[in-house]
Amino acid sequence: MKITVEEDKCCAGGQCVLAAPEVFDQRDEDGIVVLLTDTPDSGQYDAVREAAQICPAACIHVTEN
């Protein structure tokens, strides 16, 4: 799995952090998404897929290998 994010589309909703806190964080100053790892462990795949699905800005993109 490979993850990319479009920071310029992020609306700082924080849903990604709630769904997958090991993979996503938010910048302190404006809440924009921070990708902690673009290749998560397989145990995190379901959480990452959920984060991408619930992102209100649809700025998280997941590519399955």
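1. Cavity. The search of the whole structure, a predicted model, finds one cavity of 30 Å³ or more. A cavity here is a set of points on a 1 Å grid over the protein atoms alone where a 1.4 Å probe fits but cannot get out. The volume of the largest cavity is about 100 Å³, taken as the space filled by probe spheres set on the points, which are joined across faces, edges and corners.

2. Lining. Of the 15 residues lining this cavity (an atom within 4 Å of a point), Cys10, Gly13, Gly14, Cys16 and Cys55 are the closest to its centre. The lining comprises ten nonpolar, five polar and no charged residues; Cys counts as nonpolar and Gly as polar.

3. Salt bridges. Seven are found in the whole structure, each a side-chain nitrogen of Lys or Arg within 4 Å of a carboxyl oxygen of Asp or Glu. One of them joins lysine 9 to glutamate 6 at 3.7 Å, N to O.

4. Arginine 27. This residue forms a salt bridge with glutamate 7 (3.4 Å, N to O). Arginine 27 lies in the loop between β2 (24-26) and β3 (33-35) and glutamate 7 in the loop between β1 (2-5) and α1 (15-19), so the bridge ties together parts 20 residues apart in sequence. Helices (H or I, at least four residues) and strands (E, at least two) are DSSP runs, numbered from the N terminus. Arginine 27 also pairs with glutamate 29 at 3.6 Å between the closest N and O atoms, and a network of salt bridges links Glu7, Arg27, Glu29 and Asp30.

5. Basis. Local features need pLDDT of at least 70 and side-chain atom pairs pLDDT 80 or more, whereas totals for chains, interfaces and linings use all residues. Side-chain values use heavy atoms, without hydrogens and water, and residues are numbered from 1 along each chain as its sequence is written.

Methods:
1 Å grid on protein atoms, 1.4 Å probe; cavity = no way out; pocket = protein on both sides within 12 Å on 5 of 7 lines; lining within 4 Å.
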